[in-house]
Amino acid sequence: MLSWLQNQVVFSAVLSLVLIAGMMTCVAYCIYFERKISAWIQDRQGPNRVGFLGLFGNFHFWGLGQPIADGAKFFLKEDIIPARVDKPLFILAPAISMIVALIGFVVIPWGGSYMLGDTIMNVQVANPDVGLLYILGVGSMGVYGVVLGGWASNNKYSMYGAVRATAQMLSYEIPMGVAILVVVLASGQLRLEEIVLGQVGGNGLWNIVLHPVSFLILLITLFAETNRAPFDLAEAEQELVGGFHTEYSSMKFAMFFLGEYVHMITGSAFICVLFLGGWELSFFGIGPAFPGTGIEDVGLISVIIKIGVLAVKVAFFIFLFMLVRWTLPRFRFDQLMRLAWKGLIPVSLGILVLTVMGVYMGWQRSVLFNLGSEIAIVAATLGVVILANKPVTGRQDNMPVVTQPLGG
Amino acid sequence: MISDADIILIKEPKLSAADKLYLTQIAEGVKVTLNHLFFKPKVTVQYPEEKRKLRVDNYRGVHRLNRDPDDRVACVACFMCETACPAHCIHIVAAESPWEDREKYPQQFDIDELRCIYCGMCEEACPVDAIELTTEYDMVGQSRDEMIFDKEKLLNVYDQTKDIKPRKNPKISGYQGTGDREKYDQLRERLEKMIEEREPGESKSTGTEGNVQ
Ligand code: SF4
Ligand code: SF4
């Protein structure tokens, strides 16, 4: 009956269609929840008026119809292309932003394997050998849309935004790459599915237990990669009007917006796969795998449980993204650069060196060694910070007291 | 001139080593936002269903034209309000009054509510307290024309708001033969006594001086 589905190519095609549809819905509701959460944090109510065409009288479903209304509004708005923009690039930029964000999630292993009839399918659109490199490459392509948009807009604010985005990406790619390299070295795998399998209960611990600092670094760089606060210098509405999207309106603006949220989802899924055991639920790999989430479980129900587990983990990270956005003020540009070059890069390189040593000695799965090296790194960082005795804010700590009489 | 003594040097607060890593401060901030997210009461008011209590009773909102105790329009078309209005948004057409007790009455009385600055000068100017500002602020219209309130509408506003905000001096416009005659005479007496008691010079003071005060 479902034999036409038993081909991995067909299965992947169907899966990707389902994923795109699901992803777009998720993004729409992410925006809704972002508005809700920001409202709650500011002691407001958030969108709560748009129900479903008033079909249910005065009950508005807490404004759950809002994303649909927002989408319709974006489509119906006037799409302005300013006179002196570089038209082809101006149109291309939001598309690139969006497409690049969307193709990232093809390598995410959503739910292990699925026994369909007598064939085993990967619940993953593609499982290339270089899955991890692919997602890194695609992820950093995201800035391409931003830069093109800023450049093509022929507007100095957009240009500033684009330049900032470029510098930021260049700086944050490095610690991100190194933090990922630590996982790659420790697990000896570039396939994301295999990295998950390595963390399944019984097989090994979740990587976050072994490499908490790398996890933290990856999380921080992910904020920067997705252009989210406190790293949203490319938009910075207080300084740059809207940054790279100043000149964009209507659906083109929406595409930048959607791209950012898709990027967030993909990034969160990625970090879950790398550090939190992906679809697996065994509580840091300490306990046995939760029933239905083991490697050998390939039934439909287990696939659904696995997807659900990953979805919950992703949702947690998205919540974290939002919480941080409404908590932290934006970095100043020099602070941003200092954090990357003087903070994250040395720390991640230090961890990399220790991990390489561990792999050479065959200790890559040893909790003692890994945790020991992480603690050593943190201690070293703290030591340097204390010794340097300089404020990280970069302000002058020891400004000379003014002795000259002022005025006169 | 700024002297040295006036200069206050503020030192940046010292950060501990943990603070310099930002992480403790981020945790502190997240604690605050989480607290607001889950535990703090919401301060917004669900507007059309729920209205906020006005902080003052003399809030200056949409106008109304009062009715006298005989349910006629209290205005005597003296044009005081139109003259006083700084926004020139009152337009009155006077006509001979059909009633015995007064000479004129407004045949037409329009206020452009969009042009009005809600200063309340009209209310101050009116000698018979016929025009008053109410505490209503949520009036809507789909065109500018709709927001020009005519006599009927203004009287209507009175009918709707008289229970919330009774007319300030309801009896003073009880003209001879109508309303509360007794009270009217008392008021009249009081007024006359007040005028008598005044110093002679003061009564001659011009209107401008009065306004400046
Ligand atoms: S409130 Fe002021 S502006 Fe409005 S009608 Fe009265 S006098 Fe004119
Ligand atoms: S001041 Fe009073 S009585 Fe005179 S025209 Fe205006 S509303 Fe009528």
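Predicted model: local features only at pLDDT ≥ 70, side-chain atom pairs only at ≥ 80, totals over all residues.
Residues are numbered from 1 along each chain as its sequence is written, with chains lettered from A and ligands numbered from 1 in the order in which they are written.

In chain A, helix H1 (residues 8-41) packs against helix H11 (residues 300-325) at about 45 degrees, with the axes 10 Å apart. Contact here means heavy atoms within 4.5 Å; H1(A) brings A:Cys30, A:Phe33, A:Glu34, A:Ile37 and A:Ile41, and H11(A) brings A:Ile318, A:Phe319, A:Met322, A:Leu323 and A:Arg325. By class, that is eight nonpolar, no polar and two charged residues.

Turning to the ligands, 13 residues surround ligand 1 (a heavy atom within 4 Å), with B:Cys85, B:Cys116, B:Cys119, B:Gly120 and B:Cys122 the closest. Eleven are nonpolar, two polar and none charged. Ligand 2 also has 13 residues around it, the closest being B:Cys75, B:Cys78, B:Phe79, B:Cys81 and B:Cys126, and its shell is made up of 13 nonpolar residues, with no polar or charged ones.

Most residues other than glycine have a negative phi. A:Asp43, however, has a positive phi near 60 degrees, and so does A:Asn227. A:Asp43 sits in the loop between H1 and helix H2 (66-76) of chain A and is buried at 12% relative accessible area (buried means under 20%, with a 1.4 Å probe and protein chains only). A:Asn227 is in the loop between helix H8 (212-225) and helix H9 (237-240) of chain A, and is buried at 7%.

Definitions and conventions. Heavy atoms only, no water. Axes fitted to C-alpha atoms, helices over the stretch in contact; angles between N-to-C directions. Helix = DSSP H or I, 4+ residues; strand = E, 2+ residues; numbered from the N terminus. Nonpolar A, V, L, I, M, F, W, Y, C, P; charged D, E, K, R; others polar. Buried < 20%, exposed > 50% of the residue type's maximum accessible area, 1.4 Å probe, protein only.
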